[in-house]
Amino acid sequence: MSVDRWANISAAVAELDEKRAVGLVEEALAAGENSVDVVHAVQTGMRTVGERYEKKDIYLSGLIMAGEIFRSVMAVARPGLENELVGDATGRVLLGTVAGDIHDIGKNMAALAFRMFGFTVEDLGVNVPAERFLEAARASKPDIIGLSGLLSPAFAAMRDTVSLLRQNLANQVPQPTYVIGGGTIDEQVAAYVGTDLWTDDAMEGVRLCQQALKTRG
């Protein structure tokens, strides 16, 4: 994808211009651009929306609009994504933003992406205590447990949640795969938390989880 095309898609999303964003995505796909790359450009714009919300430049209605834009783009990009994200291993996913964090843009994008590829998703919402994750995991026996967080204080909550889950789900067969996600997640955070997988990208998270389930058999 050309730099200009990438930037234009991201800007349209950041400006909450759904018609322009979807039009640019359709144009990029018609030109033969990779569907995953197109969605990455949209996600860059979504991150800018989150920053605008933090600065109170936009309000809740803006976040809702951004979610609708992402949903529209995913519908357009889905045929190509299904070819590019190879693997048909699907399962049950338990998602939530950990205690002390109320950011949900990334989590919502992940939930939509998982559902688009056939996963059954239970979304616990935001500011979810470790005990609530455990209660839900015991009830649904998910294949994937995804913890989302943006602020650095969330890292300790992620670690405590993964630790509690591992201790109390030790007899579950097979063991769930743990994945953490967020715009500030990296290898160091993943090592600190003690997770199996990490990502800062919703579509990459789907791919990683598909591979994990396929490997697990």
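Here are a few notes on the fold and on one helix pair.

1. Ground rules: this is a predicted model, where local features need pLDDT of at least 70, side-chain atom pairs count only at pLDDT 80 or more, and totals for chains, interfaces and linings use all residues. Residues are numbered from 1 along each chain as its sequence is written, and side-chain values use heavy atoms, with hydrogens and water left out.

2. The chain has nine helices and five strands (DSSP runs, H or I of at least four residues for helices and E of at least two for strands, numbered from the N terminus). Along the sequence they come as α-α-α-α-β-α-β-α-β-α-β-α-β-α.

3. With a radius of gyration of 17 Å, close to the 17 Å from the globule rule for 217 residues, the chain is as compact as a globular protein of that length (C-alpha atoms; the rule is 2.2 Å times the number of residues to the power 0.38). Its C-alpha atoms fill a box of roughly 50 × 40 × 30 Å along the principal axes.

4. As for burial, 48% of the 217 residues count as buried (under 20% relative accessible area, 1.4 Å probe, protein chains only).

5. Now the helix pair: H2 (residues 18-30) and H3 (residues 35-54) pack at about 155°, axes 10 Å apart (axes are lines fitted to C-alpha atoms over the stretch in contact, and angles run from 0 to 180 degrees between N-to-C directions). That makes H2 and H3 roughly antiparallel (over 145 degrees). Val25, Ala28 and Leu29 of H2 meet Ser35, Val38 and Val42 of H3 (contact means heavy atoms within 4.5 Å).

Note on methods. Angles under 35 degrees count as roughly parallel, over 145 as roughly antiparallel, 65 to 115 as roughly perpendicular and the rest as oblique. Buried means under 20% relative accessible area, exposed over 50%, partly exposed in between (1.4 Å probe, protein chains only).
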